[in-house]
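I opened this model to look up its sheet, its helices and its core. My notes follow.

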Amino acid sequence: MGNSRAYPVFRTTGAVEAWTQALRLNALLEEHDDEVTLMADLLTVEDTRRMAAVLPDAEYDYVRPRTDPVTQDFEKFSLVITAAEDSALEPELPLEFLHYVRAGTVEDRFVRAVGKGMASIGLQGRWPDDPETESYGSAKYDGVEVVFNGDDVNWMHPAEHHTVFVHVGKWGDLPRAEKLAAHLGSTVLGEAQNGW
């Protein structure tokens with residue numbers, strides 16, 4: 001049980017640059033999960049349409065839960081984004097989704113579709129053992145994550161930049177995070193945060 005510890009290791013205002021650096025770190029993982037985790041908050045009609053073109057099968061839902069005034073049941077978002085008029089879609093915003101895809105399928109298009117809301121790509125795997133720093137990989141915790149339009153892995157602090165995080169074991173592993181940051185020509189940019 002428990003969460004990974006996520007260290008911020010790179011920040012930029014360029015979404016493609018953040019994704020490129022995350023891929024450089026992902027290449028260092030000894031093992032890679034077959035699935036990638038994609039999440040986003042969609043704030044505008046334009047952002048929503050761009051993302052739906054990339055992920056038409058994702059299950060979009062309201063960021064703030066809505067209830068039926070009569071039954072008090074939670075409402076599910078049910079419009080077909082690609083067919084809805086702007087005037088019908090706009091009052092439904094903001095929307096969000098959590099979606100899993102096969103690695104290497106839509107990630108580049110996802111990055112180009114990111115709009116004004118926070119979004120992320122999570123790449124899980126296992127870091128190689130590093131006896132020199134007494135760092136040992138953990139398939140349960142290890143990986144790389146890009147948070148677009150934010151600097152907090154838990155989406156508490158929206159920002160105008162994008163942050164790359166490395167995830168390590170639940171007890172943290174600052175020496176590994178420092179080595180991974182150095183691989184990008186960077187340093188660890190803050191305290192470890194609770195990750196996935």
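I began with the sheet of this predicted model. I found an open sheet of eight strands, paired antiparallel, in the order β3-β4-β2-β5-β6-β7-β1-β8. Its edges are β3 (61-62) and β8 (193-194). Each has a single partner strand, so one side of each is left without a neighbour in the sheet.

I then checked how β2 joins β5 (residues 119-126). The two run antiparallel, with seven bridges between them. Met39 has Ser120 as its bridge partner in β5. Helix α1 packs on this sheet and touches β1 (5-12), β2, β5, β6 (143-148) and β7. I noted an angle of about 175° between the directions of α1 and β6.

Next came helix α2. It lies across β2 and β4, at about 155° to β2. Within α2 (residues 45-54), I listed Val45, Asp47, Thr48, Met51, Ala52 and Val54 as buried. These buried residues pack against β2 (31-42), α3 (86-89), β4 (95-102) and α4 (107-113).

Which residues touch the most other members of the largest nonpolar core? They are Met51, Leu55, Tyr60, Phe97 and Phe110, in a core of 48 residues. Helix α1 (residues 15-26) gives the most to this core, with five residues. Another core, of six residues, lies apart from it and includes Met118, Val153, Trp155 and Phe165.

Last, I asked about Asp173: buried or exposed? Asp173 counts as buried because its relative accessibility is 12%. It sits in the loop between β7 (162-168) and α5 (174-183). Beyond four places in sequence, Asp173 touches Tyr7, Ser135 and Val168.

Key:
Residues are numbered from 1 along each chain as its sequence is written. This is a predicted model: local features need pLDDT of at least 70, side-chain atom pairs count only at pLDDT 80 or more; totals for chains, interfaces and linings use all residues. Side-chain values use heavy atoms; hydrogens and water are left out. Buried means under 20% relative accessible area, exposed over 50%, partly exposed in between (1.4 Å probe, protein chains only). Helices (H or I, at least four residues) and strands (E, at least two) are DSSP runs, numbered from the N terminus. Contact means heavy atoms within 4.5 Å. A nonpolar core is a set of buried Ala, Val, Leu, Ile, Met, Phe, Trp, Tyr and Cys residues joined through side-chain atoms within 4.5 Å. Two strands pair if DSSP finds at least two bridges between them. Axes are lines fitted to C-alpha atoms, for helices over the stretch in contact, and angles run from 0 to 180 degrees between N-to-C directions.
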